[in-house]
Amino acid sequence: MADYRVPLRDMNFILYELFKADEIWQSIPKLAEQVDRDTAEAILQECAKISEQEIAPIARQGHEVGVGFENGKVTTAPKYKEAFKTYTEGGWSALGGDPQYGGMGMPKMLTALHEEMLCSADISFSLYPCLTAGAGLSIAKHGSEVLKEKYLTRMYAGDWAASMCLTESHAGSDLGLIRTKALPQEDGSYKITGNKIFITGGDHDLTENIIHLVLAKLPDAPAGPRGISLFLVPKINVNEDGSLGDANNVSCGSIEHKMGINASATCVMNFDDSQGFLVGELNKGLTCMFTMMNFERIGVGIQGLGAAVHSYQNALEYAKDRLQGRALTGAKSPNKEADSIMVHGDVRRMLLNMKALNEGSRALSSYIAMQLDYATYGTGELQVKGEALSALMTPLAKAFFTDMGFESTVAGQQIFGGHGFIREWGQEQLVRDARITQIYEGTNGIQAMDLLLRKVAGSKGGLMKVFIDEVNTYINESTGDNMAEFIKPLTKAVTDLEKLTLHLLDKANDDINELGGAANDYLHVFGYTAMAYIWARMAKISLDKLVTGDDFYQSKLHTARYYFARLLPRRISLIETAKSGAEVLFNIDDEMF
Ligand SMILES: Cc1cc2nc3c(=O)[nH]c(=O)nc-3n(C[C@H](O)[C@H](O)[C@H](O)COP(=O)(O)OP(=O)(O)OC[C@H]3O[C@@H](n4cnc5c(N)ncnc54)[C@H](O)[C@@H]3O)c2cc1C
């Protein structure tokens with residue numbers, strides 16, 4: 001298995017050549033105070049070091065050994081404690097946090113790349129700090145001053161971790177069904193009682209305290225999602241002076257034995273009259289949780305990308321070394337027993353699919369992160385547009401990057417032939433780890449429904465129009481002949497996306513099932529089109545820089561051409577299926593299945 005190497009050159013290309021991130025940061029006062037290019041470069045370099053040297057090397061053993069559970073206590077995989085200590089001592093838990101409480105206030109454009117590095121190194125490890133960062137965002141946005149003072153500083157310091165407790169055995173996608181109860185107390189706190197399942201990092205030995213964000217309902221709350229509130233429930237109670245007090249009746253009942261992310265503790269959590277504190281307003285818990293969930297959804301998208309990047313690096317190294325067969329055009333290495341498998345069209349197809357999807361996903365995730373930064377720190381029109389595009393593209397990031405990421409991990413495994421199926425090579429771990437990213441944090445089916453029903457139909461196409469207008473403006477400004485090979489198919493793709501959107505909205509007037517049936521295909525049509533927009537922009541820069549003779553731009557341009565030739569056309573069959581109508585799905589009785 002190749003050692004993981006952070007693709008820093010590509011990350012810097014995306015930040016400074018594609019999006020001119022340094023200029024964006026300088027133009028937004030709240031960000032200009034925190035970050036400039038020198039700081040950002042130093043951060044990414046240091047993060048690359050810790051990901052390559054401290055985290056990636058512990059991933060295989062973590063996969064093999066997994067998590068321990070004895071006498072109600074969870075122990076993490078070997079070397080996790082040491083790596084987590086190094087991570088927190090480096091200040092990484094504070095990276096995106098609110099500066100008022102000890103955070104570093106770095107923009108999402110930077111933290112997204114940091115997340116990619118962590119996830120390429122080891123998704124299991126990444127989950128502990130990433131969930132804590134997500135919970136921190138929710139507390140910073142919706143928590144009272146008291147909660148922020150008491151908990152955020154310790155979470156940013158890495159002393160305490162956090163978990164997200166939504167799922168119950170009978171309530172997954174449909175959180176309106178949850179049964180966990182919150183009873184108001186005279187001192188303003190609540191007693192929380194209920195059982196949550198599948199809780200990532202619900203218990204572990206990395207930190208002295210774990211701060212659970214728990215969804216629960218008051219006894220008189222309205223039925224369904226409108227009756228859900230959010231509570232902060234510490235594993236160990238925290239005294240007024242910030243010291244740790246008694247245990248808070250929070251226990252781990254068992255841990256799950258899973259297909260992948262073996263070194264991430266997935267826990268059944270029991271709350272038994274545990275003391276909790278309201279976050280945000282009563283019955284507005286889902287809104288508060290969505291601050292965390294939207295952060296996590298993009299983060300989960302990046303997990304898919306992270307695994308795919310590592311898989312590509314492994315597969316490329318293997319393909320260059322592995323000698324099997326001869327090139328169809330005659331031996332390429334006549335003095336060797338056989339040519340390397342790099343000579344075979346099918347292997348090149350898989351490698352180029354991975355390369356084009358990975359670099360495209362990285363650039364697109366940075367674009368979405370940029371919109372989140374505009375939404376969070378910007379003002380005026382840029383903020384409004386940032387809010388629109390980040391809302392529209394959050395489900396896309398989660399589902400499209402993880403579907404593409406899983407495809408890429410499988411392709412990387414395939415390039416290894418039989419060895420890809422054997423554990424010691426590490427490719428099967430990446431496939432196993434990537435698979436969950438399509439399921440948790442709202443399945444990809446739920447993401448597709450969120451995109452088409454809530455975001456697109458809910459705004460009567462308005463949010464999608466914001467994206468389409470931006471692409472059309474770019475097309476109109478791209479007049480040079482040398483860009484025609486990209487602009488022509490991009491124009492067709494974005495026109496077709498607009499037509500498909502109008503077609504589905506129209507059909508939904510007669511039958512809402514049209515949206516449910518088309519949602520997954522629609523999300524992918526959007527994904528391939530959005531990626532084409534970003535690839536066209538990367539191709540433009542590469543064409544302009546070809547004179548430098550730098551192979552990086554040659555490779556980028558070629559990969560753009562590959563994307564347009566071999567991946568963008570996938571949208572055509574997806575449009576056909578999206579338009580095929582709901583009847584073929586619903587006109588069959590359940591008994592006939
Ligand atoms: C390893 C792991 C870690 C996890 N970590 C956490 C965590 O930290 N915190 C937490 O709270 N939860 C966590 N989860 C739970 C996870 O988020 C849920 O499993 C997931 O959201 C799906 O819920 P479910 O399993 O109940 O499936 P269900 O909701 O029962 O869905 C079953 C199927 O029906 C489909 N479906 C359901 N409703 C709809 C709909 N309206 N439209 C279209 N399709 C639909 C789904 O897409 C899916 O294919 C974790 C799960 C796992 C396996």
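Guide: Happy to. By class, the shell around the ligand is made of eleven nonpolar, seven polar and two charged residues. Keep in mind that this is a predicted model. In total, 20 residues surround the ligand, and the closest of them are Met164, Thr167, Ser173, Phe198 and Thr443.

With Phe198 the backbone does the work: one of its N or O atoms sits 2.7 Å from a nitrogen atom of the ligand. With Thr443 the side chain is involved instead, placing an N or O atom 2.6 Å from an oxygen atom of the ligand. Then there's Thr200, whose side chain has an N or O atom 2.7 Å from a ligand nitrogen atom.

S5 gives the largest share, with three residues.

Follow H14 out of the shell and you reach the loop between H14 and H15, which is where Lys460 is found. Lys460 is worth a click: its phi is positive, about 50 degrees, even though it isn't a glycine. As background, most residues other than glycine have a negative phi. Lys79 is another case, with a positive phi of about 70 degrees, and again not a glycine. You'll find Lys79 in the loop between strand S2 (73-75) and helix H6 (80-89).

Two packed helices are described by the angle between their axes and the distance between the axes. Helix H15 (residues 462-477) packs with helix H16 (residues 484-510) at an angle of about 160 degrees, and their axes are 10 Å apart. An angle over 145 degrees counts as roughly antiparallel, so that is the label for H15 relative to H16. H15 passes H16 in a left-handed crossing.

Further along, helix H17 (residues 513-545) and helix H18 (residues 551-567) pack at about 150 degrees, with the axes 9 Å apart. H17 and H18 are therefore roughly antiparallel to each other too, and their crossing is left-handed.

For one more pair, jump back to the start of the numbering. Helix H1 (residues 8-18) packs with helix H7 (residues 108-121) at an angle of about 160 degrees, the axes lying 12 Å apart. That angle makes H1 roughly antiparallel to H7. Check the handedness here, though: the crossing of H1 and H7 is right-handed.

Definitions and conventions: Residues numbered from 1 in each chain as written. Predicted model: local features only at pLDDT ≥ 70, side-chain atom pairs only at ≥ 80, totals over all residues. Heavy atoms only, no water. Near = heavy atom within 4 Å. Polar contact = N/O pair within 3.5 Å; in protein donor to acceptor, adjacent residues only side chain to side chain. Helix = DSSP H or I, 4+ residues; strand = E, 2+ residues; numbered from the N terminus. Nonpolar A, V, L, I, M, F, W, Y, C, P; charged D, E, K, R; others polar. Axes fitted to C-alpha atoms, helices over the stretch in contact; angles between N-to-C directions. Parallel < 35°, antiparallel > 145°, perpendicular 65-115°, else oblique. Left-handed = near helix turned anticlockwise from the far one by under 90°.
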